[in-house]
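I opened my notebook and started looking things up. These are my entries, in the order I made them.

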Amino acid sequence: MNKITTKATLLLAATMTVMAGAIIAPSLPQIAEVFENIPRIDLLTKLVLTLPALFIAIFSPIAGKIADSLGRLPLLMGSLLLYALGGAAAYLLNDVYLILVSRAVLGISVAGVMTATVTLAGDYFQGKERESFIGIQSAFMALGGVVFVIVGGLLADLSWRAPFLIYLLSLLSLPILLLAWWVLKEPARMPSKPANDTQERSSATALPGIVWLIYASVFTGMILFYMIPVQIPFLLKELGVVENTLSGVAIGTGTFFAAVASLSYRKLAQKMSFQTFFALAYLLIAVGYGLISISESFTTLLMSLGISGLGLGLLIPNTNIWLLSILPEKVRGFGMGLSGAFLFIGQFFSPIAVKPLVDAFSLSAAFGYAVILALLLSVLFTTLHFRKKHKKHQMV
């Protein structure tokens with residue numbers, strides 16, 4: 001197996017995952033205007049962006065089960081084909097509810113692609129090579145978002161429909177599919193150990209606490225993360241910035257710095273614990289969102305998005321590496337699929353959770369309240385780091 005070609009295949013597939021829904025973010029205000037006669041269109045418009053996340057969340061554990069039972073590659077190949085079919089359909093639709101249906105199909109396909117690519121990375125690579133690749137993979141997810149969102153902003157200045165044309169790039173999944181067929185090999189999996197194996201039982205018993213804490217973290221982190229593509233276009237409108245291109249640039253700036261942070265993960269991992277990574281990530285998010293809440297110019301907003309992007313870029317690789325390091329091989333696909341479920345359900349709930357704050361106060365205030373949540377999470381993981389360090393010291 002050629003590792004360079006294998007990595008290239010997985011990286012290309014990864015670009016179609018986390019930011020797949022955000023392509024149309026710059027055109028959200030226009031969509032709301034076009035369908036303004038539809039009841040609750042303000043919420044429905046934002047669901048056009050986040051509905052894929054709900055279906056990714058629902059189908060990620062199912063995708064994980066398929067990966068563990070039928071294999072990683074059948075899941076990847078079938079999901080890539082579904083992505084090609086479902087991605088661009090919304091361009092042809094004139095009903096907002098049918099657009100939502102097409103977005104649901106997109107979400108199902110992304111669930112399979114994401115679960116398969118991350119699980120394959122855990123199967124193929126070990127140790128520092130795994131840390132390095134997961135960081136690069138997360139960066140590719142983010143960089144794909146940078147390109148797609150900025151291009152989406154350019155197209156949105158032509159028409160609210162135009163950004164949906166980007167999904168025609170989903171046809172690139174076909175050569176990726178062929179590349180996967182020739183390059184990737186289904187990993188050989190070790191047979192399960194006997195049920196009376198004491199070490200296996202103790203490992204399974206020890207998993208739930210820390211694993212569920214990681215899942216809770218990724219859920220909350222994605223509520224914060226998706227405030228950027230969902231709320232920033234409307235915040236810019238309040239600031240008097242009406243060009244959709246600039247909206248795409250703003251969202252892309254945060255995503256670009258997220259990619260930079262992801263690429264730096266391996267070097268930082270040599271000096272920092274998983275708990276410290278989360279503490280630092282949430283601290284950077286708090287600083288960035290605090291600046292967003294008081295920004296009065298486009299330039300200040302870009303700087304704020306860059307700072308918060310650094311924090312957001314550490315969340316996904318740290319989550320994936322931590323989970324891959326503790327999940328038993330026989331349930332690795334399911335465990336990573338469940339992680340994807342929490343990740344994307346957080347994205348889906350982001351506009352729903354933020355809307356009461358926006359209605360009661362303002363968009364700027366909503367980012368201010370997000371600072372409090374991010375700081376609490378930073379303190380939590382800092383405390384966990386020092387507790388773990390203290391226990392190690394006592395054992396010595």
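Where is the place of R40? I found R40 in the loop between helix 2 (28-34) and helix 3 (41-69). I noted that I was reading a predicted model.

I stayed with R40 and checked its backbone. Its phi is near 55°, a positive value in a residue other than glycine. Most residues other than glycine have a negative phi. Is R40 buried or exposed? R40 counts as exposed, because its relative accessibility is 56% and the cut-off for exposed is over 50%.

Next I moved to helix 3, where F55 lies. F55 is partly exposed, with a relative accessible area of 23%. I looked up its contacts, leaving aside neighbours within four places in sequence, and got A104, G107 and I108. I also checked F55 against F348. The two are 293 residues apart in sequence, yet their C-alpha atoms are 9.0 Å apart in space.

Then I turned to aromatic rings. How many aromatic pairs does a search of the whole structure find? The search finds 19. I picked out W160 and F164 from the rings. Their centres are 6.4 Å apart and their planes stand at 90°, so this pair is edge-to-face. Both W160 and F164 are buried.

I took F361 and Y369 as another pair. Here the ring centres are 5.3 Å apart and the planes are at 40°, so the pair is tilted. F361 is partly exposed at a relative accessible area of 49%. Y369 is partly exposed too, at 38%.

I also logged a cluster. F274, F278, Y282, W322 and F381 form one aromatic cluster.

Which ring does the charged end of K46 sit over? The charged end of K46 sits over the ring of F234, 4.8 Å from the ring centre.

Last, I went to the nonpolar interior. In soluble globular proteins, nonpolar side chains tend to be buried together. In this model, the largest nonpolar core has 114 residues, and I232 and Y289 touch the most other members. Which helix gives the most to this core? Helix 5 (residues 96-124) does, with 14 residues.

Notes: Residues are numbered from 1 along each chain as its sequence is written. This is a predicted model: local features need pLDDT of at least 70, side-chain atom pairs count only at pLDDT 80 or more; totals for chains, interfaces and linings use all residues. Side-chain values use heavy atoms; hydrogens and water are left out. Rings of Phe, Tyr and Trp (its six-membered ring) pair if their centres lie within 6.5 Å; planes under 30 degrees apart count as stacked, over 60 as edge-to-face and the rest as tilted. Buried means under 20% relative accessible area, exposed over 50%, partly exposed in between (1.4 Å probe, protein chains only). A charge sits over a ring if NZ of Lys or CZ of Arg is within 6 Å of the ring centre and within 35 degrees of the ring normal. Helices (H or I, at least four residues) and strands (E, at least two) are DSSP runs, numbered from the N terminus. A nonpolar core is a set of buried Ala, Val, Leu, Ile, Met, Phe, Trp, Tyr and Cys residues joined through side-chain atoms within 4.5 Å. Contact means heavy atoms within 4.5 Å.
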